[in-house]
Amino acid sequence: MILGAGYDTRAHRLTLPSSLTVWEVDQPEVQAIKRAKLPKAQATSATSAQIHYVSIDFNHQCLSEHLLAAGFDTRKSTLFTLEGVSQYITKETFASTMEEIAALTQKTTATFIFSYVDALLKTDPVRCFGKGYPKAKRRADMVMGLAAKVGEPWISLYTEEALVELLAEHGFSVQENKTLEDLNAVYFSPVGRTLTENQIFKLEHFVAATSKKA
Ligand SMILES: C[S@@+](CC[C@H](N)C(=O)[O-])C[C@H]1O[C@@H](n2cnc3c(N)ncnc32)[C@H](O)[C@@H]1O
């Protein structure tokens, strides 16, 4: 279940097991553009038939209502992702999305993978960067300024404590919470491109949480 899938094409690109159903949820206009621009090979790939597009605006529409109407099977274990989205939606919408996920997965197990922007970006931007990162405060302001300028302001930033509490309220516990600092050793070092501390920007966190039943 790729919530806020945007122009992510992994479901079309990857060779997925034929037993897997993929759901892509996003705003209708984004999905229309994406589908119109998909390269033919991806639009007609074997896995394309396994992808269901569901259009909603998280701020105003009910996720579970739309998914159930589209045939989502609540008996199947589901991996939910919400990547690069939480900063654009209100905290109320994020909490209600989590509530919807919990309701949809009552009978089964669920994994919820999402990213969030660290509240430090506003409260103490320098701490979002590795030691010696040049012009840290100015860069933090620039990132948020550019997002606002293109009409997509980052309205919701989080602390880890607030998220752990929110997840627990909906029956989820955090298994992992990583930033670029952690991912450096996993992805960059093995290919000889270790980032030095003064190149690391830890604004975004990547969280894996599971429902308590999982
Ligand atoms: C930065 S993109 C991330 C796309 C993708 N998940 C990725 O990581 O590449 C944010 C996505 O969230 C979607 N989004 C933002 N607000 C939304 C809302 N209120 N309802 C539904 N989708 C929303 C946007 O349409 C966009 O596709």
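**Size.** The C-alpha atoms fill a box of roughly 50 × 40 × 35 Å along the principal axes.

**Model.** This is a predicted model: local features need pLDDT of at least 70, side-chain atom pairs count only at pLDDT 80 or more, and totals for chains, interfaces and linings use all residues. I number residues from 1 along each chain as its sequence is written.

**Confidence.** I checked pLDDT, the predictor's confidence in each residue, from 0 to 100. The protein averages 94, and 99% of the residues score at least 70.

**Strands.** I found nine helices and seven strands. These are DSSP runs, numbered from the N terminus: helices are H or I with at least four residues, strands E with at least two. Next I followed strand β2 (residues 22-26). Strands β1 and β2 run parallel, joined by two bridges; strands pair if DSSP finds at least two bridges between them. L3 has V25 in β2 as its bridge partner. β2 also pairs with strand β3 (residues 51-55), in the parallel sense, over five bridges. There, V22 has I51 as its partner.

Is β2 enclosed or open? Four of its five residues are buried, so β2 is largely enclosed by the rest of the structure. I call a residue buried if 20 or more other C-beta atoms, placed from the backbone, lie within 10 Å of its own. In the protein, buried residues make up 21% of the 214.

Key:
Buried ≥ 20, exposed ≤ 12 C-beta atoms within 10 Å, placed from the backbone.
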